[in-house]
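Please keep the sequence and the three-dimensional view side by side while reading. The paragraphs below go from the core to the sheet and then to the helices.

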Amino acid sequence: VSTQSTGSGSLVKMFQVVVVFLGVLACVYFVSRIKKKDSTTNVQKEPQSDLQGLKTFNWKEETMDILKRSVSDLPVAIDLPRLASRIKLITNQGVFHFRGVESQCHRVIKLIKELDTHLENSQHLPTEEVLCSKYIKPGDIMDFQSLFKDIGNDHFLWCVLKTINQSAIARAIIKLQVELGGTMRDTVDGWLIDIDCTNPSCVKVTHKRRQRASYQGTPFEFLMTLEYQIDPSRNYTINLVTSDLTFEEGILEIERQKCRYLLSTIIS
């Protein structure tokens, strides 16, 4: 009897140990599942949270703050050479393009000279040849610091040209990105710039960027137009519009209408 009782007790203890061990394993598994779920949830919600926080930012006000900076404190020296070939200068004497000019720095000099010639408050800069010899260094390197200093950082010429850099359009891009849920992308060679000097009381700089985006799974393209108006007193007015929506074949009309309505409600 004693032997049977001892053997029975050992089995009970062993069974209890097994139950406790299985219980511990179950708890560990349950806790790890909760942590994994929370981690997945955070990963999914974090971008939405970030975008939600940007919905209240005032893109026009922040852009105005950027334009208050000196031209030498903006990336004009980096962006103007690469963007000069995309610029069309519209004047009362004709339209000027700079794509065919042989070097980036020469394009910038030609643009600066033509723009200065057709501005109401012209600086009366030297000839194009003199400007090239003075400010273009060997290796097609532009001496912007000397150019800024000689013309003057605060000259009206720079009030116009400092709207032509990535910082000047960044806040408008962010505005559209936020409203479209981060789906917006640039198209290849989709950035063109017009400078209109035909009105003496207002110079217009218009950025036109072709963008790709999607809304509720519907892909589309549209034209983003950001226009600066600069008066002789150096006051800026900014206007952002979207237009010219295009869709892939097979997109239903009801889906197209949703995208058109979304873009019509974005700009404020």
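The largest nonpolar core of this predicted model has 65 residues, and Leu161 and Ile195 are those with the most contacts inside it. A nonpolar core here is a set of buried Ala, Val, Leu, Ile, Met, Phe, Trp, Tyr and Cys residues joined through side-chain atoms within 4.5 Å, where buried means under 20% relative accessible area, exposed over 50% and partly exposed in between, with a 1.4 Å probe and protein chains only. When its neighbours within four places in sequence are left aside, Leu161 is in contact (heavy atoms within 4.5 Å) with Val76, Leu80, Leu111, Ile112, Leu115 and Ile195. As the model is predicted, local features need pLDDT of at least 70 and side-chain atom pairs count only at pLDDT 80 or more, while totals for chains, interfaces and linings use all residues. Residues are numbered from 1 along each chain as its sequence is written, and side-chain values use heavy atoms, with hydrogens and water left out.

Helices (H or I, at least four residues) and strands (E, at least two) are DSSP runs numbered from the N terminus, and two strands pair if DSSP finds at least two bridges between them. Six strands, in the order E2-E1-E5-E6-E7-E8, form an open sheet with mixed pairing. Strand E2 (94–97) and strand E8 (236–247) stand at the edges with a single partner strand each, so one side of each is left without a neighbour in the sheet. Direction ignored, neighbouring strands of this sheet are turned by 20 degrees against each other on average.

Within that order, strand E1 (residues 87–91) pairs with strand E5 (residues 185–199) in the parallel sense over 4 bridges. E5 then pairs with strand E6 (residues 202–215) in the antiparallel sense over 9 bridges, and a hairpin of 2 residues joins E5 to E6. Thr206 in E6 is the bridge partner of Asp194. E6 and strand E7 (residues 218–230) run antiparallel and are joined by 13 bridges; here Val205 has Tyr228 in E7 as its bridge partner.

Helix H9 (residues 253–266) lies across E6, E7 and E8 and runs at about 175 degrees to E8. For such angles, axes are lines fitted to C-alpha atoms, for helices over the stretch in contact, and angles run from 0 to 180 degrees between N-to-C directions.

Two helix pairs can be followed next. The axes of helix H2 (residues 59–67) and helix H8 (residues 166–179) come within 9 Å and cross at roughly 170 degrees, which makes H2 roughly antiparallel to H8; angles under 35 degrees count as roughly parallel, over 145 as roughly antiparallel, 65 to 115 as roughly perpendicular and the rest as oblique. Trp59, Glu62, Thr63 and Ile66 of H2 make this contact with Ser167, Ala168, Arg171, Ala172 and Lys175 of H8.

Thr63, which has its place in helix H2, counts as buried because its relative accessibility is 2%. Leaving out residues up to four places away in sequence, Thr63 touches Ala168, Arg171, Tyr228 and Ile238. Thr63 and Ile238 are 175 residues apart along the chain, and their C-alpha atoms are separated by 8.8 Å.

In the other pair, the axes of helix H3 (residues 76–83) and helix H4 (residues 104–118) come within 8 Å and cross at roughly 95 degrees, and the two are therefore roughly perpendicular to each other. Leu80, Pro81 and Arg82 in H3 meet Gln104, Arg107, Val108 and Leu111 in H4.
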